[in-house]
Amino acid sequence: IREGDPARWTPWTTECYEVRTHVQEMGENILDRAHFVHVHDMEEAAASRFEVSFEGPSMTVQQDLETTHGAARRVASRTTNWGPGISITRVDVGRVHAVTFITHTPVESERVAFELSFSMHRLDDPEATAAVERINREVTNAQARQDMPIWENKVYRERPVLTALDGPVHDYRRWYRQFYSTWDETVPDPVRSEPGT
């Protein structure tokens, strides 16, 4: 998860949460590009990148955003979901390189326990490392708490009305079906992606 010499990384810090939602909804969240602007106080970068790929049990989303608080800074992120339970987000902002390791564990049909574990590549100055680590950890956890009311109030629609900013939701749902014990790949797909989604 952490590339290179482990000693160059800060120790993992972990926060635990529980949210009233279905575990599938949590992975779908990363495809909603618009929510980064309206929920997380970010903007799309000038040379915007938003790429989604599916391969076997993994889904990868790469995107560029900009922070809107303080001086605008480009945020390059790569999130890989390994099945429904593990998500790894790598974020690069200038000289700051950070990893957030997220686990999702369904505890009931509509309740999920999840953990956010955060680590960053140490900077040359230990005081700067501690300050940036604290800020990044706070932002990461604040974003999780911002998403929770949405997850807890979102209504699942089998055929949602989507815009271009909603991302490939239908493709995600088709990919996710493989993790259900009742999935039968020989049955025709009842949901088709609409043009432009």
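Where does Lys154 lie? Lys154 is in the loop between H3 and H4. The points below start from the model as a whole and come back to this residue.

1. Basis of the note. This is a predicted model, in which local features need pLDDT of at least 70, side-chain atom pairs count only at pLDDT 80 or more, and totals for chains, interfaces and linings use all residues. Residues are numbered from 1 along each chain as its sequence is written, and side-chain values use heavy atoms, with hydrogens and water left out.

2. Overall layout. The chain has 4 helices and 8 strands; helices (H or I, at least four residues) and strands (E, at least two) are DSSP runs, numbered from the N terminus. Read from the N terminus, the order of elements is β-α-α-β-β-β-β-β-β-β-α-α. Of the 197 residues, 38% count as buried. Here buried means under 20% relative accessible area, exposed over 50%, and partly exposed in between, with a 1.4 Å probe and protein chains only.

3. Surface and contacts. The accessible surface of the chain is about 11,100 Å², and carbon and sulfur atoms hold 52% of that. These areas come from the Shrake-Rupley method with a 1.4 Å probe; for residues, only the protein chains shown count as cover. Among contacts (heavy atoms within 4.5 Å) between residues at least 6 apart in sequence, 52% join residues at least 24 apart.

4. Main core. The largest nonpolar core has 20 residues, and Val19, Met59 and Phe114 have the most contacts inside it. At least two residues each come from strand E1 (13-19), helix H1 (23-28), strand E4 (58-67), strand E8 (111-120), helix H3 (126-153) and helix H4 (169-176). A nonpolar core is a set of buried Ala, Val, Leu, Ile, Met, Phe, Trp, Tyr and Cys residues joined through side-chain atoms within 4.5 Å. Leaving aside residues up to four places away in sequence, Val19 touches Met26, Glu110, Arg111, Val112, Phe114, Met148, Trp151 and Glu152. A second, separate core of 5 residues includes Ala98, Phe118, Met120 and Leu123. In soluble globular proteins, nonpolar side chains tend to be buried together.

5. Helix H3. At 1.5 Å a residue, the 28 residues of H3 should span 40 Å, and its end C-alpha atoms are 42 Å apart, which agrees. The expected span is 1.5 Å times one less than the number of residues. H3 has a kink of about 25° at Asp147, shortly before the proline Pro149; the bend at a residue is the angle between axes fitted to the seven residues ending there and the seven starting there. The buried residues of H3 are Thr129, Glu133, Thr140, Asn141, Ala144, Asp147, Met148 and Trp151.

6. Asn141. This residue of helix H3 counts as buried, at 6% relative accessibility. Not counting residues up to four places away in sequence, Asn141 touches Glu15, Tyr17 and Leu116.

7. Helix H4. Because 6 of its 8 residues are buried, H4 is largely enclosed by the rest of the structure. The buried residues are Val169, His170, Tyr172, Arg173, Trp175 and Tyr176.

8. Salt bridges. The whole structure contains 7 salt bridges, a salt bridge being a side-chain nitrogen of Lys or Arg within 4 Å of a carboxyl oxygen of Asp or Glu. One of them joins the side chains of Glu152 and Arg20 at 3.8 Å, N to O. This pair links distant parts of the chain, with Glu152 in helix H3 and Arg20 in the loop between E1 and H1, 132 residues apart. Glu152 is partly exposed at 26%, as is Arg20 at 38%. Arg134 and Glu138 form another bridge, with their closest N and O atoms 3.5 Å apart. They are 4 residues apart in helix H3, so about one helical turn separates them. Arg134 is partly exposed at 40%, and Glu138 is partly exposed at 44%.

9. Back to Lys154. The side chains of Glu25 and Lys154 meet in a salt bridge of 2.8 Å, N to O. Glu25 belongs to helix H1, and 129 residues separate it from Lys154. Glu25 counts as buried at 9% relative accessibility, whereas Lys154 is partly exposed at 36%. Not counting residues up to four places away in sequence, Lys154 touches Glu25 and Glu28. Lys154 and His22 are 132 residues apart in sequence and 10.0 Å apart in space, C-alpha to C-alpha.
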